[in-house]
Amino acid sequence: MRFFSSHIIAILAAILFPVFAKAREKARQASCSSNLKQIGLACAMYSQDYDQRYVPKCLDRSAADMSRYWYYLIMPYMKNEQILLCPSRPWGKAKCTCGGGEDRPNNPSYDMPCSAGGNSMGIIGAGRSETEVQAPSTTIYISDIYCSATTMSTTMADGVVTRMSYTTSKRHNDGYNAVYADGHAKWQKEALYGFWTIDPND
């Protein structure tokens, strides 16, 4: 009888552990989505104070510290650094240097794509004006991400869509959370190129 009992327990454990793991990740996904909603709200308040311009990726990419990056530009509106930490992948706040010569965080919890003169939200210097973003409800502002990219090309090894294939980006039940330029946040299964462009037809 003891043999059968232990077998039953082992079978139940094998069935239930994946369910529990998925439920735990679902809770983390909800917490992460809440973080991004608050980040989106802070970004909206920033825009109100800066002539309806979105937050730039950074003011100065050669800055010696990270005070010139988007997450610290909106800190006066958040007043809580914990919001920047995804529960499934907390950020260690280390810095690295990318191939384009831009210092950036090493594997942050959240980021916006880098687009030096390109067609995404993440530009250097003054942020985009609200009128520039043609499809705010489908344009990703900030998301779970493995590493921000220097190019939006899907054919490049460092392209955003390629990077989003990493499990560290799609960390919530094989999907990722994002806040969009209009302020809403949601979970997505696939990272499509058009989500990161201010013109969805580009």
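**View A. Tyr71 and the aromatic residues around it.** Tyr71 is buried, with a relative accessible area of 1%, where buried means under 20% relative accessible area, exposed over 50% and partly exposed in between, for a 1.4 Å probe and protein chains only. The model is a predicted one, in which local features need pLDDT of at least 70 and side-chain atom pairs count only at pLDDT 80 or more, while totals for chains, interfaces and linings use all residues. Residues are numbered from 1 along each chain as its sequence is written, and side-chain values use heavy atoms, with hydrogens and water left out. Rings of Phe, Tyr and Trp (its six-membered ring) pair if their centres lie within 6.5 Å, and planes under 30 degrees apart count as stacked, over 60 as edge-to-face and the rest as tilted; by this rule there are seven aromatic pairs. One of them is the stacked pair of Tyr69 and Tyr71, at 5.9 Å centre to centre with 10° between the planes, and both of these residues are buried. Tyr71 also pairs edge-to-face with Tyr72, at 5.4 Å centre to centre and 85° between the planes, and Tyr72 counts as partly exposed at 23% relative accessibility. Tyr69, Trp70, Tyr71 and Tyr72 form one aromatic cluster.

View B. Strand S4 covers residues 140–144, and five of its five residues are buried; strands are DSSP runs of E with at least two residues, numbered from the N terminus. Two strands pair if DSSP finds at least two bridges between them, and S4 pairs in the antiparallel sense with strand S3 (residues 110–111) over two bridges, with Tyr110 opposite Asp144. S4 also pairs in the antiparallel sense with strand S5 (residues 176–180), over three bridges, and here Ser143 stands opposite Ala178.

**View C. Gln188 in strand S6.** Gln188 lies in strand S6, residues 185–188, and is buried, with a relative accessible area of 12%. Its side chain makes polar contacts with the side chains of Tyr180, at 3.5 Å, and Lys186, at 3.2 Å; a polar contact is a pair of N or O atoms within 3.5 Å, where, within protein, one must be able to donate a hydrogen and the other to accept it, and residues adjacent in sequence count only if both atoms are side-chain atoms. Leaving aside neighbours within four places in sequence, Gln188 is in contact (heavy atoms within 4.5 Å) with Gly175, Tyr176, Tyr180 and Phe195.

Terms used
Helix = DSSP H or I, 4+ residues; strand = E, 2+ residues; numbered from the N terminus.
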